[in-house]
Amino acid sequence: MKNSGLVIDLCQKYKADLMLAINPETIVENLIPYFHNIEYFQLLGVAPGKAGQKFQKSVLEKIEFLRERLPNAKIEVDGGVDLEVAKAVKAAGADIIVSASYIFESADFVDAYKKLKDV
């Protein structure tokens, strides 16, 4: 990644948390050079853009890959997260889920939120 060293250095200098995000099609092994500098990772479960897309199950393997190699990292998953996906990503090792369409398109968005929170 172009200028990644500069960004990492600035974040360390100012004690800012740095999260590295990847699209579903990104090869997760591309993150390895950053393992010693970054402890927060966001895996997009869908291609950026349109809301309401279906979660890409290949992301589960990427979560497992990161969790095995970085047991103390924080892993966030965003995109296509419904109740079943939330259970699957948690089982794979994710710490944080982001869900919008599932909640806001639900007949009872408070109940949908509570169910996700209980995962």
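This is a predicted model: local features need pLDDT of at least 70, side-chain atom pairs count only at pLDDT 80 or more; totals for chains, interfaces and linings use all residues.
What covers the buried residues of H2? The cover includes strands E1 (19-22), E2 (40-44) and E3 (74-78), together with helix H3 (83-92).

Helix H2 runs over residues 58-69, 12 residues in total. From its first C-alpha to its last it reaches 18 Å, close to the 16 Å expected at 1.5 Å a residue. Its buried residues are Val59, Leu60, Lys62, Ile63, Phe65, Leu66 and Arg67.

How many salt bridges does the structure hold? There are 4. One of them pairs Asp95 with Arg67, with the closest N and O atoms 2.7 Å apart. This pair links distant parts of the chain, 28 residues apart: Arg67 sits in helix H2, and Asp95 in the loop between H3 and strand E4 (96-98).

Is Arg67 buried or exposed? Arg67 has 18% relative accessibility, so it counts as buried, because the cut-off for buried is under 20%.

Glu68 is exposed, with 62% relative accessibility, while Arg69 is partly exposed at 42%.

Now look at helix H5 (residues 109-118), where Asp111 and Lys115 lie 4 residues apart, about one turn of the helix. Their side chains form a salt bridge of 3.2 Å, N to O. Asp111 is partly exposed at 31% relative accessibility, and Lys115 is partly exposed at 39%.

Definitions and conventions
Residues are numbered from 1 along each chain as its sequence is written. Side-chain values use heavy atoms; hydrogens and water are left out. Helices (H or I, at least four residues) and strands (E, at least two) are DSSP runs, numbered from the N terminus. The expected span of a helix is 1.5 Å times one less than its number of residues. Buried means under 20% relative accessible area, exposed over 50%, partly exposed in between (1.4 Å probe, protein chains only). Contact means heavy atoms within 4.5 Å.
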